[in-house]
Amino acid sequence: MSEKLLEVEDLRTYFYTDEGVVKSVDGVSFEIKKGETFGLVGESGCGKSVTALSIMKLIPDPPGKIVSGKIEFEGEDLAKLTEKQMQKIRGNKISMIFQEPMTSLDPVFTIGSELIETIQLHQDLKKDEAYGQSVEMLKLVGIPDPERRMKQYPHELSGGMRQRAMIAMALACRPSMLIADEPTTALDVTIQAQILNLMEGLKEEFNTSVLLITHDLGVVAQYCTNVAVMYAGNIVEYGSVYDIFEEPKHPYTKGLIKSLPSLDKNVERLEILEGNVPSLIDAPKGCRFQPRCDVCTDKCIDSFPDLRYVTESHMVRCHREAGK
Amino acid sequence: MKRYIAKRLAMLIIVLIGVSMITFVLVRMAPGDPAVNLAGQHANEQVLESIREKYHLNDPLYTQYVIWAKMVLQGDLGTSIASHDSVFSEIMDRLPMTLELSIFSMTIAIAVGVLAGIVSAVRQYSKLDYSVMFGALFGVSMPVFWLGIMMIYIFSIKLGLTPVQGRIETGIYINKITGMYILDSILTLNWPAFASSVRHLILPSLALATIPMATIARMTRSSMLEVLRQDYIRTERAKGLSERAVIYKHAIKNALIPVVTVIGMNIGVLMGGAVLTETIFTLPGLGKYIYEAIMAYDYPVVQGFTLFFATAFVLINLATDILYAYIDPRIRYD
Amino acid sequence: MEQRKRKTRLQETVHQFRKNKTGMFGVGLLAFIVLLSLSAPILAPHDPYDASLDRRLLPGIWSDESPDGFFLLGTDSQGRDLFSRILYGGRTTLGIGFVALGIALAIGISLGLTAGYFGGYVDDIIMRFVDIMFAFPALLLALVIAGTLGRGIDKAMIAIGITYSPQMVRVVRSGVLMIKEMEYIESQEAIGSSHFRILFRHIMPNSLAPIIVYGTLMLATAILDAAALGFLGVGAQVPSPEWGLTLSASRQYLLTGAWWAATFPGVAILISVISLNLVGDGLRDALDPRLKGGAKL
C-alpha cells in the first residue's frame, strides 16, 4: 500500500527569457505513494503548475528547460526519456487535467472523437470497441445520456460537464497517476464539490494516485493524504495533511491557514499576508520568504535554509523552526 | 445555422438593390448627354431619340431607375456601343477565360500560401520562417502589373520559355465545351492544346496569385501561431499524441477556419488583379473587356458589367460566409 | 496613493512600436522616400519633362552607351531622364495615395464616429451602406469611378478615396464601440457632457490607434491602386511622371532590350509600399500586444 509511485528529486526547471532566467522550479523534491492523493499548494506563480508540467515533460522548449533533477516513475527516470518514449506515457500511465475546461478541449472535434482518439492511441482496439469504452467512461464520470454527448462538441456542454469529459479522457487508459492542475478553480462552487468527489471515487476504483495542485487549502484539507507547500520555486513545508493543518511550522503555511475564513472564529478582519512574491529571476540570497516574515532573524537574510525534518513525516524549510 | 442563412439571404436582397442603385447612379454621373453616353458619339439624332425613349431619359431619375431595373431583371444588361452586341452575351463569352485564370491563380495561391504559413508557424523564428515572412512582405507590396511585365521580360523575352501573350498558340485547334481551354483540352484528350494553354496561362496565373498567396500565407501563419498557443493544444499533447498529430490533425483544422474568410476577401483582389493581368498578357477575358470599355467610353458595357460583377461578388461572399459558418462547429450547432 | 497617468491606446501602441526593429526600419525607409520625393526639385539632375529625341532609350551610367550629362538610370522613350522622372513621379504617385487616404479618413471618421457613437437606427443604415459598398471589388470600383468621372489625378484620388471609405468606417466604428463600452464614458454622460464633447475629447483620442494602424496599411494598397490606375491610363495622364504611367509607356520597349525604363519605376513602387507595410505591420503588432513566443504555463 505504501509503495512509492513517483519520486521527484531536486527538480529544477528554468525559463530563459529576454529579461533573464526565470527559475520557476528551483530544487523541488517529493514523493507520491500508490493510491494516495498528494496536494501541492501555493499561490500563483510559486511553480506548482510548472512542476506538474515538468513531470509530464510538457514544458515548452524554448524558452523552458528542465535543467536538472530526477523524476522516477515506475522505475524509470522520466527526465532521461526521449519525446517518443514520453508520448507512450502521457495519457496512458500518467494523465493530466487542466484548470480551464472552457478552453481545454479542441472546439472542432466531438467529445466522442477525442475519447476514441485517446483510447486508440494507447490501446490496440478497433473503432467500435473504442467507442464502447468511451461511452462507458462517460457513464462513469456521471454524464447522463452519454451516447448523445459523444456526438456533441465542447461548446455544447456546460463547464462542469466539460471537466467531467476531460476526466473521462484522462482516465480512459487507466493511468497509475492523475495530475490535476487546479481542476475546480474555474467552476462554480457547487460543481466543485461534485467534481472533487467524482475524482475521489474514481481514484478508489481505478487505484490511481492523484497529484492535486491547488491554492485552495479547504480542498487540500478534505481530499489529500500528504501535502507539499510551495513558495517561490521551493517546497517550504512537507508532511501529512494532519502535520500541515494541526502543526504548521513554516510562517508562510501558518499565514495561509490563518487567513482562511472560518465559521468557528469570530473575527473583525481577515488576516492577510503582507507583501508580494519575490522575483524568480533575481531570487534573494537567503530565505525567500524573509521579506514577508515577521519572525525572521539575520540568519534568514544571509543563508538559504534547507528542508529539515521536524518529525518523521514532517519537513520544513526554515532556520527558526527547524532549529527547535 | 438555418437562421443565419435566412438572415443573410434577407440581407442579400437589400444589398443587391443597393448595388444596382449605385451602379445606376454611377454611370448617370458621367459627364455629357446621357443619351450620347449610352448610344455613342456617332449616333444620329434618330438613334438618340430612340435611346431617350427606351430609357425614359426625360423622366425623373427615380423612374429611369425603375425602368432600367425592370430591364435588368429580364436579362437585358444593355447594348455595347462598340460592338452593338448585348452586354450580357459578351460577358458570357469572356467569362470562361477569366474564370480559368482565376481558378488557376487561386489554387496556386491557396496551395502555396497555406503550406508556407503552416511551415512558417511550426518553425517559428527559424530561417525558413523569416524567409517566408520576408517573401510574403514582398508579395503583398508587389504591383501586379509590374510583376507581370518583369516576368514576361525574364521568362518570355530573355529565356524564351513562355509565350509573350495570348491564351493558346494560334493554329492549334481546340474543341470548346466549357470555354475553359485547359479543361476542354483534358476532356477531349487534346494534349497539344493542353500543353499550349498551360504554357500560356502559367505566367499570368503566377503573377495574379502573388498578392493573395502572400496574404494567405501571413494569415495562415498568424492563425496557426494563435492556435498553437491555446490550452487545448496542451491537452492534446498531454494525451500523448505525437507532435505530428497535434499539428496536422488538431492545430491545422482550427487554424484554417479564419483562413476561409481571407480567401473570400481575396477573391475581390483577384478580380481587380485580373483586369491588370489580362491587359498585360493579352488574354481575352472580362478584365480586358471592362478596361477597353472604359477607355472607349462604352458606358452601357461599364454599367452592365459593374452590375454583373458586383452581384457575382456579393453571392461569392455569401457563399464564403456560409461555408465558414458550416465548418466552424461553434456556429453550425447553435 | 499615487495615481498612474492613464496612457491612451495610441501612446501605448507607439511605445510598443518603438521596440520593434523592423518597424522602425520601415519608418526610416519611408521617411527617406518621402524626403526624396519632396526634395525632387533640388535633387533631380534634369527637368523631368525635358524631352530630346536624340537621347531616346539610352541606358544609365552602368553602360558605356549612357549619354553625357549624368543620366543615372538612363532615359525613356522620349529621351527624358528616368531618375528625375522617378523622383518627381514619387510626388504624384505617393501624393495620390495620401490624398485618397485623406478622403477615406474624412468619410470614414465622420460616418464611423456617427455610427459607433449613436448606434441604433443610424448605425444600421450606415452599416448597410458600407456592406453595399463592400460588394464592389476595390480596384474595379476605383476603375469604374475614375473612368466615368473622367480621367486625371484628381479623379483618381476621389475614386480611390471612395473605395477605401467603407473599410475605414468599419475600423473607426469598431474603435468607437470598444471605447464606448468603457465605464468612464458612462460617467461623462452622467456628468452631462454634450455629445460633441464626449466624442472629441474622449472617444476620438482613444480610437486613434486603430485608425493609424489600419490607415497605414490602407495607404500601402492605395498607392498600389494609384499606380495601377496610372498604368491603365485612368489616373495620371501623359506626360506626368507618375510611376504607373511611366511603366505602361515604357512597357513595349522591353522587346528592344531597353529594360531600365520599365524596371526602375516598378522598383520605386515596390520599395515605397514595402516601407509602408513594414510600418503598418509593426504598428499592428504593437496595437495588439501579444506575448511574443511566450510560454503557456
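Predicted model: local features only at pLDDT ≥ 70, side-chain atom pairs only at ≥ 80, totals over all residues.
In chain A, residues 24 or more positions apart account for 63% of the contacts with a separation of 6 or more.

Of the 324 residues in chain A, 46% are buried, and the C-alpha trace spans about 65 × 50 × 40 Å along its principal axes. For a chain of 324 residues, a compact globule would have a radius of gyration near 20 Å, and because chain A comes out at 21 Å, the value agrees with that expectation.

Turning to the secondary structure, chain A contains twelve helices and twelve strands, and I would like to take you through its sheets one after the other. Strands of a sheet pair through backbone hydrogen bonds, and they may do so in a parallel or an antiparallel way.

One sheet of chain A is open and is formed by four strands in the order 2-1-4-5, with antiparallel pairing. Which strands stand at its edges? They are strand 2, residues 20-33, and strand 5, residues 76-77, of chain A, and because each has a single partner strand, one side of each is left without a neighbour in the sheet. Strand 2 of chain A is joined by eleven bridges to strand 1, residues 4-17, and the two run antiparallel.

Another open sheet of chain A has eight strands, in the order 6-7-8-3-9-10-12-11, and here the pairing is mixed. Its edge strands are strand 6, residues 94-97, and strand 11, residues 308-309, of chain A, each of which pairs on one side only. Within this order, strand 3, residues 37-41, is joined to strand 9, residues 226-231, of chain A by four bridges, and these two strands run parallel. Here the pair to look for is Val41(A), which stands opposite Val229(A) in strand 9 of chain A. A helix also belongs in this picture: helix 6 of chain A, residues 159-171, lies across strand 6 and strand 7, the latter being residues 177-181, and it runs at about 170 degrees to strand 6 of chain A.

Let me now move to chain C, where there are eleven helices and zero strands. Buried residues make up 48% of the 297 residues in chain C, and among its contacts between residues at least 6 apart in sequence, 73% join residues at least 24 apart.

How many residues do chain B and chain C each bring to their contact? Chain B gives 40 residues and chain C gives 38 residues. On the side of chain B that touches chain C, several helices supply at least two residues each, among them helix 6 (127-141), helix 11 (243-281) and helix 13 (299-327) of chain B, while helix 1 of chain B gives the most, with seven residues. By class, that side of chain B has 32 nonpolar, six polar and two charged residues.

I will finish with the largest nonpolar core, which has 258 residues, and in which Leu143(C) and Ala156(C) have the most contacts inside the core. Leaving aside residues up to four places away in sequence, Leu143(C) touches Val275(B) and Ile294(B) in chain B, together with Leu229(C), Leu232(C) and Val234(C) in chain C.

How values were computed
Residues numbered from 1 in each chain as written. Chains lettered and ligands numbered in written order. Buried ≥ 20, exposed ≤ 12 C-beta atoms within 10 Å, placed from the backbone. Contact = placed C-beta atoms within 7 Å. Nonpolar A, V, L, I, M, F, W, Y, C, P; charged D, E, K, R; others polar. Rg over C-alpha atoms; globule rule 2.2 N^0.38 Å. Core = buried A, V, L, I, M, F, W, Y, C linked by C-beta atoms within 7 Å. Pairing = 2+ DSSP bridges. Axes fitted to C-alpha atoms, helices over the stretch in contact; angles between N-to-C directions.
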